[in-house]
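This report describes a pair of protein chains, beginning with the contact between them and ending with two individual sites. The sequence and structure are shown first.

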Amino acid sequence: MKTIKLLAILFISALTLSSCSDDDHDDDDHDHEEELITTVNYTLTNGDDVVTLSFVDLDGEGGADGTYTVSGSLTANTTYIGAIELLNATEDPAEDITVEVKDEGDEHEFFYSSNINGVSIEKTDEDGDGNPIGIETTLTTGDAGVGTLTIVLKHEPTKPNDNNADNAGGSTDVEVTFAISVQ
Amino acid sequence: MIKLFCYCVIAICLTTNTMAQDCTFTLKGKITDFHNNTPIFGASVHIKNLNKYTSTNHKGEFQFKNLCKGELVIEVQHIACETKNLTITINQNLYKEILLEHHLEELNEVVVKTNFKTEATSIEQSIKKNVLEEYSDKSLGDALKNVSGVSSLNTGNTIVKPMIHGLHSSRLLIINNNVRMFDQEWGDEHAPNIDINANNSIEVIKGANTLKYGSDAIGGMILIKPKKYAIKDSLFGSTLVSFNSNGLGGNINSEIVKTYESGFYGKIQMNYKQFGDFKAPDYYLTNSGTISKNASFRFGYNSFEKGFDAYYSYVDNEFAILQSSHIGNVNDLVNAINSQEPRVIEDFSYDITFPKQSILHHLGKIEAYKRFKGFGKLTVQYDFQINRRKEFDLRRGDLSNTPVIDLRLFTNSLQTDLQIDYSDNLKINTGILARYQQNDAVAGTGTSPLIPDYDKYDFGTYIIGNYDINESTKVSAGVRYDFSRIDAQKEYNVTDWRETYNYDELFPEFETGDVDGTDIPTNPNFSYHNISTSLGLAKQFDNNLSLLVNYGLASRVPNPSELFSDGLHHSAARIEIGLLTMEKETANKFAISLEKNSDDFGFSVSPYFKHIRNYIQLIPVGITTTIRGAFPVWQYNQINAQIFGVDLDVNKKINSKFDYKGSLSLLRGNNISDDIPLIHMPATNFSNRISYTNNALNNLKISLTHKSVLQQKRYPDYNFYTFNAIAQEDVFVDISSTPPAYSLFNLNTSAVFKAFNKGSLELEFNIENLFDVSYREHLNRLRYFADELGRNFNFKIKIKY
């Protein structure tokens, strides 16, 4: 029964090998999510008038729900300079994902929309092909009103497009909706 | 009457006698049955070079007198035995004990062709090599759809999971060369890593005797079998090349086999397959190609008394996943469902970009057997498998080439099987299994692993008895016990652990005591004891009619995805959540089959009924809000389920040239806990095939196949509404409604040419989806995004040498 002995040796050696060669099995290899976007900051500046819209979900998908913070209300009939920032705040220091988005500007685009009459957002930056990215914007308010502002980041959208996120294709990386007011 | 084969083996005992004179030697002998040592009466013994005959008496003895010194070429024959020749040299009086083997079940061990079922009392259907060759450039799941009652769960057209009676994944046992496949089979989009070209036949066991392989064959079993080679000196092989217009690709497969009269044999097989983007009737399916590289090696030694078989197979698959199926949130899904066309349509390309899967699977085994005189046969097998699965998604920046799922599953098993068959009527099979499995969620993906690290230990033992009550009636009964233990390491989100699922109260023993920021490391472990049984009866009537009745009790331990899944499954575009509270599934299965086997007219009618307690299903439960917006959440839950249906097969010889074959499958699956239909059940489908064969004209075969799949009208309604912030309105997410019925026609033609002295050349030309029908199949997970394949012209060249 030579073959059976051989089998036994094979089995034992395989077990031994598997138990010692496997260096990363029992380690803590549960990575921190490198790609996770935990934070969206949209800062609107008009001189001393600074309004910050923030969404923070530090534990990612699942877990506790994310929180929205709006620092104040916007002034009617005013033009703000807008800048968006995406962070992964689970890392220390927080990773600025906006840099990646900018580097791959031709594969990304931000879309802004508001249901408040008179609020309009224009993208002021461009990717290498001359199409907007939307990291830098100007936001103009009209008359007073209450409603929402939605910011969407699409990965691989059709570029150029009609500036409507629903028609731009691609897949959604960020979709946040802030309750805002114009006074 | 079943055709009988027999194989006879001689064991030699020499007694010495000092007398030595020419032509005075005596050859005496006794012929007995190998299994039970009973003498065999009436066996003929023929010395061919002297043309002397004799036969054995009732004690199994024979005698030749006055033999001269020299070589004797002896042929031993007995009814129902294959003729066996042996050569002995005589230079003194000899006494030989000759053992004959005439047990039918043993024959498929060493005899090349067999039409016996694996288990006499099981309900099974098989696919032979020549049919498998038709599918050389497709997948195992595609080939299996030939069998009534078998459908498939697809992700696109290259990732095909077989489904028996509506059940798939870890409810099916897939046994490849006597090795149970472990390849992260839990996922809907995980196709079995099997190269169908490496094998000789596939058997689908829908009801019964699966206990030898495991307790959890709730759906059934797929048995993939290699060929057994004749014991003779031979060298042969084949090469098969195929080309397809759809996908502009094909397959090349080559194999070569060397056998020796000593019983040794060896085989090498290699296969390469590549396709670019496939085409639906109206557009290209951008990023749907595949590359597959496979090889297998086998060598072994075969004799009646002992032998071994060593096998290694390597499968390397890269599957592109339709680019349009990558969605970011539920609004993207709604857009995809409402749009008639995929969102990305580009020109044809061989590029495989993201999303995609790349899977490596190594399988090795060594099996050895030894037969014991008057007792039975002992087989010992060790096998290992390493499965490395990488799933790539569309990612940003430096991470774009990093997989989101990277899992390595290492499985190794040691099993024994003892077949006690010295009695003519009763055969007993018993054995034990020990298995150790380790899953490693490989670090570096930059995501939380969907499936955690775990170790799994299995121990099983079984005993199965097959008893022939009389010539026409056989019964089998078996029982199996399994112990399984899963020991995992997983980090849970603290909020989920404590609040969402209340695990801190349900499973405080799993906590390790630390909390790491928002995560809590845990060490879940579970142990399970399973008992399963099977009972089968086969009754043979006149007119080739047979009746099979089966009952089985099967239990399945929840798989790691059902327990631990937690997070975004990118390639499935949904958040999947497993629960630690899952209990094992228990199924009671009844099946009956009435069959008539005949070339002129044959049929089988096989009704079945399954009741599954604690049936684990993954269903949409709503949406969750993430930074990407709303996301569909699918959660595992447990209900009681009933599945019943009937499979029908008919074959009829119309005349000497025309044959008809038809099949029909009807199935109903009910979630009896909620009194609604079960999700993802195959719809009623039927097929018809008319074949024309002309042997006089180069074996010309022309066949036209029709297949219809009706609309699945019985589906659970898990549709919901979600708020679209851009459009500022609630939108309807119709993820449940099923696509309409469709009918497809295929045309197959083939002819065989005698191209060389030894061997043949076969040419085949086929058209699939003859009328270029646009359709969607509800068991394709990508049905929201694109149509199925359009027309395909397929050309094959098979050379046998």
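## A salt bridge between the chains

With which residue does Asp332(B) form a salt bridge? The partner of Asp332(B) is Lys154(A), and the closest N and O atoms of the two are 3.0 Å apart. The model is a predicted one. Between chain B and chain A the count is 1 salt bridge.

Polar contacts also link the two chains: 13 residue pairs are counted between chain B and chain A, with both residues at pLDDT 80 or more.

## Extent of the interface

The size of an interface is often given as the accessible area lost when the parts come together. For chain B and chain A, the buried area is about 5100 Å², with carbon and sulfur atoms giving 52% of it. Within chain B, the residues that lose the most area to chain A are Arg396(B), Ile627(B) and Ile726(B), which together account for 19% of what that side buries.

## Helix α4 of chain B

Asp332(B), the salt-bridge partner of Lys154(A), is among the buried residues of α4(B). The buried residues of α4(B) pack against elements of both chains: β9 (145-155) and β10 (171-182) of chain A, and β33 (601-626), β34 (629-653), β39 (720-724) and β40 (729-733) of chain B.

The N-terminal end of α4(B) is capped by Asn329(B), which places a side-chain oxygen 3.0 Å from the backbone nitrogen of Asn331(B).

## Architecture of chain A

Chain A contains 10 strands and 2 helices, arranged along the sequence in the pattern α-β-β-β-β-β-α-β-β-β-β-β. Of its 183 residues, 47% count as buried. Among contacts in chain A between residues at least 6 apart in sequence, 64% connect residues at least 24 apart. Chain A exposes about 8500 Å², and carbon and sulfur atoms supply 50% of this area.

## Two buried sites in chain B

Ser170(B) is located in the loop between β11 (159-164) and β12 (172-176) of chain B. Why does Ser170(B) count as buried? Ser170(B) is classed in this way because its relative accessibility is 9%, and the cut-off for buried is under 20%. The side chain of Ser170(B) makes a polar contact of 2.8 Å with the side chain of Arg556(B), and one of 2.8 Å with the side chain of Asn559(B). Apart from residues up to four places away in sequence, Ser170(B) touches these two residues together with Glu185(B) and Asp216(B).

Phe526(B) belongs to strand β28 (residues 525-540) of chain B. Phe526(B) counts as buried because its relative accessibility is 10%. Neighbours within four places in sequence set aside, Phe526(B) is in contact with Ser484(B), Arg485(B), Ile486(B), Phe507(B), Phe510(B), Leu563(B), Phe564(B) and Leu580(B). The C-alpha atom of Phe526(B) is separated by 6.7 Å from that of Asp487(B), a residue 39 residues apart along the chain.

Conventions. Residues are numbered from 1 along each chain as its sequence is written. Chains are lettered from A and ligands numbered from 1 in the order in which they are written. This is a predicted model: local features need pLDDT of at least 70, side-chain atom pairs count only at pLDDT 80 or more; totals for chains, interfaces and linings use all residues. Side-chain values use heavy atoms; hydrogens and water are left out. Buried area is the accessible area (1.4 Å probe) that two parts lose on being put together, summed over both. A salt bridge is a side-chain nitrogen of Lys or Arg within 4 Å of a carboxyl oxygen of Asp or Glu. A polar contact is a pair of N or O atoms within 3.5 Å; within protein, one must be able to donate a hydrogen and the other to accept it, and residues adjacent in sequence count only if both atoms are side-chain atoms. Buried means under 20% relative accessible area, exposed over 50%, partly exposed in between (1.4 Å probe, protein chains only). Helices (H or I, at least four residues) and strands (E, at least two) are DSSP runs, numbered from the N terminus. Contact means heavy atoms within 4.5 Å. Accessible areas come from the Shrake-Rupley method with a 1.4 Å probe; for residues, only the protein chains shown count as cover.
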